[in-house]
Amino acid sequence: MLLEEAGIPSVAVHTDVFAGVARATADANGMSRARQAFVPQPVVDLSRQELRGYIEGSDPVSGRPFMREVLDALTGPLDAEDLTGLSFERSTPRLLPADTEDHLQQLFIQNHWTDYLPVTLPTEARVDAMLKGTSHAPDEIVGRMRPTSFREFWEYTVEKVAVNAVMAGARPEYFPVILALAASQSTAKSSSTTSMTNMAVVNGPIRHGIGMNCGIGALGPYNHVNVTIGRAYSLLSQNLQGGSVPGETYMGTLGNGLAYSACFAENEERSPWEPLHVQKGFKPTDSAVSVFFGLRYVQEGYGPRETWQEKMRRCLSAGAHFPPLLVMDPIVARLFVERSMDTKQKLIDWCATNALLPAREYWDDQWVQTLLRPLAVAGVEPYARAQGGTRRDRADV
């Protein structure tokens with residue numbers, strides 16, 4: 001954009017699978033006339049000859065020779081429309097015209113406002129009832145959210161959060177937790193190709209006050225509170241950041257079932273360790289919700305038996321760049337205590353010491369090669385220094 005502002009034509013090159021998101025991003029940033037060219041996917045682990053074939057071949061989006069697309073973009077003069085850019089109206093109507101239940105359910109699906117399951121339609125009366133669950137004003141700004149760092153932020157109010165809480169089937173007494181999740185400004189609908197999502201953990205008196213399940217079946221789907229809070233977090237992340245449309249604003253290659261509803265409460269009373277919110281600096285009498293980012297896959301175990309350390313090392317080595325989240329029932333936690341892990345910190349320190357990878361394995365990870373290795377090669381710290389060593393991850397328990 002800086003080059004174009006200086007009157008110098010430029011062209012962005014993308015792989016064809018990102019054609020939709022590249023154009024949507026250009027539109028969202030007022031650059032709908034941005035000049036773009038495309039090559040096939042993949043570009044990783046290909047020979048020079050294969051990559052040269054991309055350059056000498058055709059642009060898979062336009063069908064024209066790739067180099068012709070590039071040369072035309074670089075040599076064609078910029079006109080007034082190229083330099084003007086666009087501004088976008090991001091507001092939406094507060095109310096929809098009255099219609100039948102079936103038609104409105106279909107309208108919500110067509111506009112990608114749902115998780116494609118039936119929703120409770122957010123009528124004025126239902127939203128007003130939800131707002132009775134908080135002392136915050138309906139027009140108060142809660143936060144700003146976006147699916148990825150290179151897209152624009154969308155701003156949202158308490159009322160908009162309440163709309164999504166109603167859609168999820170939540171009750172007004174659950175709304176403080178949902179509003180806190182919205183205020184985290186951390187989206188549960190990340191657009192990463194690794195299909196990441198978020199998990200929410202609730203602590204403090206509010207767990208029992210609203211009837212959350214922190215016992216058998218806590219991770220669902222066996223409790224109305226857990227499920228609807230998790231679903232509300234998912235829906236508000238989708239709708240209040242500008243959508244999660246596959247190929248445009250959502251690029252998770254496989255998707256993630258945890259994105260439907262991932263919320264549970266900690267069983268503080270039966271845990272041999274201090275509660276999570278106390279560990280993070282809150283008082284035991286405080287109510288809190290914590291958001292864990294980057295959930296992509298699940299490793300299961302059966303507690304710390306004789307070979308637990310060997311098994312745990314294999315689990316820890318499976319993820320090269322995100323700290324693990326360990327979720328265990330009180331019985332398993334007490335078994336760890338019997339094995340000298342009488343505090344969470346001791347188990348966390350053990351994980352940090354044992355979550356080591358050979359440097360060759362770490363730098364061969366595709367995520368690391370794509371996002372971190374270029375920084376290391378460019379001399380950016382701490383990546384440049386780390387390129388010659390190993391990685392150590394910490395854990396949350």
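These legends accompany several close-up views of a predicted model.

View 1. If you look at β5 (residues 197–203), you will find it running parallel to β6, with three bridges joining the two. A handy landmark here is V201, which stands opposite F264 in β6.

View 2. Eleven salt bridges are found in the structure, and one of them pairs R94 with E124, where the closest N and O atoms are 3.3 Å apart. R94 belongs to the loop between α5 (80–84) and α6 (101–110), while E124 belongs to helix α7 (residues 124–131), so this pair ties together parts that are 30 residues apart in sequence. R94 also forms a salt bridge with E159, with the closest N and O atoms 2.9 Å apart. This second pair links distant parts of the chain, 65 residues apart, since E159 is in helix α8 (residues 158–167) and R94 is in the loop between α5 and α6. How do the three side chains compare in exposure? R94 is exposed, with a relative accessible area of 55%; E124 is partly exposed, at 44%; and E159 is buried, at 18%.

**View 3. The buried salt bridge between D115 and R231.** The closest N and O atoms of D115 and R231 are 2.7 Å apart in this salt bridge. D115 lies in the loop between α6 and α7 and R231 lies in helix α11, so the pair ties together parts that are 116 residues apart in sequence. Both residues, D115 and R231, are buried.

**View 4. Model confidence and the stretch 389–394.** The protein has an average pLDDT of 86, and 91% of the residues score at least 70. Please read residues 389–394 with care: the pLDDT there is below 50, although this stretch has 31 contacts in the model beyond near neighbours in sequence.

Technical notes
Residues are numbered from 1 along each chain as its sequence is written. This is a predicted model: local features need pLDDT of at least 70, side-chain atom pairs count only at pLDDT 80 or more; totals for chains, interfaces and linings use all residues. Side-chain values use heavy atoms; hydrogens and water are left out. Two strands pair if DSSP finds at least two bridges between them. Helices (H or I, at least four residues) and strands (E, at least two) are DSSP runs, numbered from the N terminus. pLDDT is the predictor's confidence in each residue, from 0 to 100. Contact means heavy atoms within 4.5 Å. A salt bridge is a side-chain nitrogen of Lys or Arg within 4 Å of a carboxyl oxygen of Asp or Glu. Buried means under 20% relative accessible area, exposed over 50%, partly exposed in between (1.4 Å probe, protein chains only).
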